[in-house]
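Subject: Structure handover

Hi,

Here is the structure I promised to pass on to you. My notes on it follow below.

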Amino acid sequence: MPQPIPTTPRDLPHQGLIWDRTRHLQRMRSALREYFPAALTAFDNLAAPDTLALLRKAPNPDRAARLTTAQITAELARAHRRGDRTATATRIRDALRAPSLRQPAAIEHAYAVVVAGHAGMLEHLAEQIEELEQEVKRSFHRHLAAEIVRSCPGLGDVLGARVLAEFGDDPHRYRNAKARKNYAGTSPITRVSGKRKTVSASYARNKHLADACHQWAFCSMNTSPGARAYYDALRAREVGHHGALR
């Protein structure tokens, strides 16, 4: 029989790498907006492998305008982009060559170095995230609680591993479900003063677990009719999307 494998937040940096990827992506988007807005129009997904390759090859407006349809199509093929690659490459080429406001050459050069750096980091992070994801799955499958966790609607290998790691595998750690909700930060905070009553979300919480539970609730709607019905009922009462997921 396989032995229990202790899981702690330190064992699962996968979520941290995803947050790092998001930060680099936002910084790259912000830089492009300052000197190369045409790129934001040309590329529908800045995190896509073909987009990152093209931004490393042509990180400023002048070099991007010199990209040919054949060069763009080659990157799309290398990234296994589906659909009509020639049409997509033509659209990207035209968007990159469209007239737009420009910054002085020195500023564009500096921003181009920044964007190329972020693109390289994002490519490296994508590889590391994929490699770590496979390791997370292997370790999770060896845990005795894996099948129990996976039986919950919305929890797969990676998200299930996150939830298990943050909650821990001691069955006696929490007194009841309410204690788990308190630790995850999903319990609402109610304040009453005279005739005034407010209900708000808790921000003093385990952010890794709160994020995992938020995604868990969202994913559960695809596999649990009950979760979907409850979410729809809350939305019908004009509860916001994030509030309904909590």
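Over which ring does the charged end of Arg180 sit? Over that of Phe167, 4.8 Å from the ring centre; the test asks for CZ of Arg or NZ of Lys within 6 Å of the ring centre and within 35 degrees of the ring normal. The charged end of Arg173 likewise sits over a ring, that of Tyr183, with 5.1 Å to its centre.

Before the rest, a word on conventions. This is a predicted model, in which local features need pLDDT of at least 70 and side-chain atom pairs count only at pLDDT 80 or more, while totals for chains, interfaces and linings use all residues. Residues are numbered from 1 along each chain as its sequence is written, and side-chain values use heavy atoms, with hydrogens and water left out.

The largest pocket has a volume of about 1000 Å³. Its lining counts 41 residues, and Val163, Phe167, Cys213, Trp216 and Ala217 are the closest to its centre. (A pocket is an open set of points on a 1 Å grid over the protein atoms alone, where a 1.4 Å probe fits, with protein on both sides within 12 Å along at least five of seven lines; lining residues have an atom within 4 Å of a point. Points are joined across faces, edges and corners, and the volume is the space filled by probe spheres set on them.) Two or more lining residues come from each of helix 8 (146-150), helix 9 (157-167), helix 10 (177-184), helix 11 (207-220), helix 12 (225-236) and helix 13 (241-245). Helix 11 gives the largest share, eight residues. Helices (H or I, at least four residues) and strands (E, at least two) are DSSP runs, numbered from the N terminus. By class, this lining has 25 nonpolar, eight polar and eight charged residues; Ala, Val, Leu, Ile, Met, Phe, Trp, Tyr, Cys and Pro count as nonpolar, Asp, Glu, Lys and Arg as charged, and the others, Gly among them, as polar.

The second largest pocket has a volume of about 280 Å³. Thirteen residues line it, with Thr186, Pro188, Val199, Gly243 and Arg246 nearest its centre.

Aromatic pairs

There are four aromatic pairs in the structure. The ring centres of Tyr35 and Phe36 are 5.9 Å apart with planes at 55°, so this pair is tilted (rings of Phe, Tyr and Trp, its six-membered ring, pair if their centres lie within 6.5 Å; planes under 30 degrees apart are stacked, over 60 edge-to-face, the rest tilted). Tyr35 is buried at 1% relative accessible area, and Phe36 is buried at 2%; buried means under 20%, exposed over 50% and partly exposed in between, with a 1.4 Å probe and protein chains only. Together with Tyr111, Tyr35 and Phe36 form one aromatic cluster. Phe167, besides lying under Arg180, is buried, as is Tyr174.

Cysteines

The structure holds zero disulfides, a disulfide being a pair of cysteine sulfur atoms within 2.5 Å. Cys213 is buried at 11% relative accessibility, whereas Cys152 is partly exposed at 27%.

Best wishes
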